[in-house]
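Here's a quick tour of the model you have open.

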Amino acid sequence: TFPTAATHVVTVSQYACQRRTTTENKNKIFTDAFEVLVDNYDFNEVTGPSLAFSRAASVLKSLPWTVQSLDTTHNLPCLGEHTKAVMEEILRYGRSFEVEKILADERYQTLKLFTSVFGVGPKTAEKWYRRGLRSFSHVLTDPSIHLNRMQRSGFLHYGDISRAVSKAEARALGNIIDEAAHAITPDAVLALTGGFRRGKEFGHDVDFIVTTPELGKEESLLPIIIDRLKQQGILLFSDYHPSTFDATRPPSRSFEAMDHFAKCFLILAVEDRRGWRAVRVDLVSPPWIVSPLPSGWTGSRQFERDLRRLARLERRMLLDTTPCSTKPRYRFLAAVTEKDIFAHLGLEYIEPWQRNA
Ligand code: CTP
Ligand code: MN
Ligand code: MN
Ligand code: MN
């Protein structure tokens, strides 16, 4: 086939933060396959190819067209030999044999199952697998396995928290948290972040930012909210992490730089048709001066990674919670809104619903 005009004219950036990616993925057949490969590489702690396939998936997600031939992919970044070989198989046979082999692999299947439990990461899953455990009942009946509090809650509420959370449920939760925050301080501000801010219809959890203009007060916000939820009888699990934020310290260089704000990982009981169900909720509470920056929690993960990567490689800045120049000394830049962050990085503003990279 002849390459279309569009593939010649439109240049696609290698950075997700310079692409507009809606929730409509026209290349799901490829990106689903890549995600299996990424998971498998992650289980084997092979980082290079894992990142490569994550980036390739992200590029394909940004395209307003479906790839129907490799001829149309010449101008696309981040598609290496291996990636193209997998795409070729899918184009030719409708599936990738490499992916099928992984999906049939006992180790992959078991690690996938174990890591689907809240509180179980690849390391724990691997440990259980090495002990010969293959199912939840193996894990739960093995006397040598000690589950931590998070994992016990993960198993207890497994059915509920594996089920997608709807927008309506997210809204209902927003009202509950908003009410709790306002009972503490009338000028509390709550903002929906994460996947729902990006316009997703469903999520695996609901993410919120909550803060207050009164400096320092945000530190006590989460413990009091958690306490209120407990008194209301809807708190099923809580893991609270106090702030370790220090404005005098340069931001982390890591791709995955986590912010240092107070946060908590919760499981809440929300009303539904059959009575109630358990839902995962994340709250983060940054100080007011950085609070207009929901970018750090809006995602997607690939979008955030590429913001940091572009800042570091193309702008000689370190981006954590606010962009910061590296030379001659660390110097935080004044950033008031999310738009300022994009501007500091010399980027066109990308709307939250265009960050589904
Ligand atoms: N995040 C974080 N620290 C965590 C978990 C997540 O900083 N321990 C950030 C992620 O980088 C992301 C945002 O919080 O930007 C939301 O993460 P998450 O809820 O895991 O993913 P969503 O994009 O909201 O997708 P989903 O709908 O599956 O929840
Ligand atoms: Mn989320
Ligand atoms: Mn913890
Ligand atoms: Mn989350």
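Let's start with Ile 234, which counts as partly exposed because it has 19 C-beta neighbours inside 10 Å, and a residue needs 20 or more to be called buried. Bear in mind that this is a predicted model. You'll find Ile 234 in the loop between α13 (218-231) and β5. What does Ile 234 touch, once residues up to four places away in sequence are left out? Leu 229, Leu 268 and Ala 269 are its contacts. Trp 276 sits 42 residues from Ile 234 in sequence, and the C-alpha to C-alpha distance between the two is 9.6 Å.

Thr 66 lies in the loop between α3 (47-61) and α4 (81-93). Thr 66 is also partly exposed, because 13 C-beta neighbours fall inside 10 Å, while exposed would take 12 or fewer. Setting aside neighbours within four places in sequence, Thr 66 is in contact with Lys 26 and Asn 27.

Here are two residue pairs side by side, with distances taken C-alpha to C-alpha.

| Pair | Apart in sequence | Apart in space |
|---|---|---|
| Ile 234 and Trp 276 | 42 residues | 9.6 Å |
| Thr 66 and Asp 239 | 173 residues | 42 Å |

**The ligand**

Next up is ligand 1, which has 15 residues around it. Which of them come nearest? Gly 194, Gly 195, Gly 203, His 204 and Gly 299 do. As for elements that give two or more residues to this shell, these are α12 (194-197), α14 (295-298) and α15 (301-314). Sorted by class, the shell around ligand 1 holds 7 polar, 6 charged and 2 nonpolar residues.

**The whole chain**

Zooming out, the protein chain has 16 helices and 10 strands. Of its 357 residues, 34% are buried. Looking at contacts between residues at least 6 apart in sequence, 65% join residues at least 24 apart.

The chain splits into domain 1 (5-102), domain 2 (107-156), domain 3 (165-291) and domain 4 (301-354). How far apart are the C-alpha centres of domain 1 and domain 2? The distance is 31 Å. Where these domains meet, 5 residues of domain 1 are in contact with 4 residues of domain 2. Helix α2 (residues 28-43) supplies the largest share of the domain 1 side, with 4 residues. By class, that side of domain 1 has 2 nonpolar, 1 polar and 2 charged residues.

Notes: Residues are numbered from 1 along each chain as its sequence is written. Chains are lettered from A and ligands numbered from 1 in the order in which they are written. This is a predicted model: local features need pLDDT of at least 70, side-chain atom pairs count only at pLDDT 80 or more; totals for chains, interfaces and linings use all residues. Two residues are in contact if their C-beta atoms, placed from the backbone, lie within 7 Å. Domain bounds come from an automatic or database domain assignment. Ala, Val, Leu, Ile, Met, Phe, Trp, Tyr, Cys and Pro count as nonpolar, Asp, Glu, Lys and Arg as charged, and the others, Gly among them, as polar. A residue is near a molecule or strand if its C-beta atom, placed from the backbone, lies within 6 Å of it.
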